[in-house]
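Please open the model in your viewer and keep the selection panel at hand. The stops below follow one another, each with something to select and a short account of what is there.

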Amino acid sequence: MMNWSGLFRKEFRVTRTFLFAVIAFDIVMMIGIFVASERWEVPYLTAIVGGVLAFMHMFFLPIYLLISLNSEGRKLHLWLHNPQSGSRLIGAKVLNGLLALLISLVVVSVLSLIAFNLETADIVLPIDNVWLLGAYVLAVILAGALTMGIWVTFYWTAYQVLKTYIGRWALLVVLVLIGLISWFGGWFSGTRAGEALMDWGYVQFPSPLSMEVTQEAFEISTSTVPFPIGNVIFDTILLVVIFFVTSWLLDRKVEV
Amino acid sequence: MITFENVSKRYLTKRALSDVNVTIPEGKLIGLVGSNGSGKSTFMKMIAGLVGPTEGNVTIDEVPVTRRTADKVAYLSELDEYYSFYSVKETISFFASQFADFNTEKAFEILDFMEVDREQKVKHLSKGNRGRVKIALTLARDVPIILMDEPLSGLDPMVRDSIVKGLLSFIDLEKQTVIITTHEVAEIEPLLEMVIAIRNGKVLALEDVETIRERDGMRIVDWLKKQYQAEA
């Protein structure tokens, strides 16, 4: 347990500056937009920008991981000379990144809600539907961030492996690999096998996708949409496999 | 016991180690000597599990070496890299959290012996003091194998002398095998029990220092030159 907490705390220190910079950007941006929306008399602007900022957090984890991994890449012997498994070394980074993402997201969400209340004091939010919308947005952001984050870690590790054997050509090969895997993913999902693996288990899922914002009202109406559980299960299994392949590469193939 | 069996290592077009067959006995202080680019660092990294052989096997007590062999091996890198955001004390604490065998008390004892301020940020230390921190981090581990790649690099001669004298008191040769690479062979010669000569990725010889002195009447540097001449 002590080695995990030591690793986790170290990971926080590695990327602390990035997190603080993002939070500072969140705050400056939200206050700036709030002041501008008062001057231009555009209600909801801060909340809308807050929503856009929240969605941009989908890219937080991959960028966070890339910064963290590149920092370790300059001193690989220090990171890899450690009896802990590759999955723990990478897992500490991913969990740290997720925690940092949530911290930044909470800052943006709280500032958005405060700005909304200050800008439109007479409109009462449909709070139950706001929570549903929040949960929906959070799930989309986390799923997108985790997917990109795990793939970034895989490609970074593949680059480290290839670098030993082909030197500077490794970057080109990894870029080609990214293109090939993306193309294959798109092609495979359209095949009969892909549909059999992903396109099943439809359930009616509550969706707050219909939103109406006017000067007088803020309405979020909910409906249900058919949602394939099979897709989630397939993507989850794929991500777990990629995570463990990455860990194996780190344990067995990355050289210092 | 560390065993290299038909070990070769190639990087792109370069051959770093070539058909190495050597068995390193336990409980010895061993010098790994050779010219620049002879394969010393690759040899050390292979024992630490940070580099894998292209051909052959490296084992410790008949178990193949992997990265996770780090629980049996303490490795001091030749590189001057560290977690710059940590103070010396925090670095010690981080290592103690990662290695179950890490002796924090011993680490501070070594740092005090080498007069390093434990409150300082590592990035604010001089190169020499960072070198001393690396030595403390390595010797504070209670492991069967200690690898030190150029531990004296960046240290001034006076400090080197004091560290070399102090090394023995922080190593338990009943239980530990220590392999050191250094260009300052003469300075560590009094400590060494065995020496491995390496050139162009080939291990030329593994010899007792006592034998070199008594049988050949030579210092290690002269013995190394003789090995190089014989190879050429």
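Begin by selecting Met148(B), which stands opposite Ile180(B) in S8(B); two strands count as paired if DSSP finds at least two bridges between them, and the helices (H or I, at least four residues) and strands (E, at least two) are DSSP runs, numbered from the N terminus. Before moving on, note that this is a predicted model, in which local features need pLDDT of at least 70 and side-chain atom pairs count only at pLDDT 80 or more, whereas totals for chains, interfaces and linings use all residues. Residues are numbered from 1 along each chain as its sequence is written, chains are lettered from A and ligands numbered from 1 in the order in which they are written, and side-chain values use heavy atoms, with hydrogens and water left out.

Now widen the selection to the whole of S7(B) together with strand S8 (residues 177-181) of chain B, which pair in the parallel sense over five bridges. Five of the five residues of S7(B) are buried, so this strand is largely enclosed by the rest of the structure; buried means under 20% relative accessible area, exposed over 50%, and partly exposed in between (1.4 Å probe, protein chains only). Ile146(B) and Met148(B) point one way from S7(B), while Ile145(B), Leu147(B) and Asp149(B) point the other way. In a regular strand the side chains alternate between the two faces of the sheet.

Then step to Glu150(B), in the loop between strand S7 (145-149) and helix H5 (157-167) of chain B. The phi of Glu150(B) is positive, about 55°, although this residue is not a glycine. Is Glu150(B) buried or exposed? Glu150(B) is buried, with a relative accessible area of 11%.

For comparison, select Asp61(B), another non-glycine residue with a positive phi, near 50°. Asp61(B) lies in the loop between strand S4 (55-60) and strand S5 (63-64) of chain B, and with a relative accessible area of 44% it is partly exposed.

Finally, turn to chain A and select helix H1 (residues 2-40) and helix H3 (residues 60-73), which pack at an angle of about 130° with their axes 10 Å apart. Axes are lines fitted to C-alpha atoms, for helices over the stretch in contact, and angles run from 0 to 180 degrees between N-to-C directions. That angle makes H1(A) oblique to H3(A), given that angles under 35 degrees count as roughly parallel, over 145 as roughly antiparallel, 65 to 115 as roughly perpendicular and the rest as oblique. The contact (heavy atoms within 4.5 Å) includes Phe18(A) and Leu19(A) of H1(A) and Ile63(A) and Tyr64(A) of H3(A).
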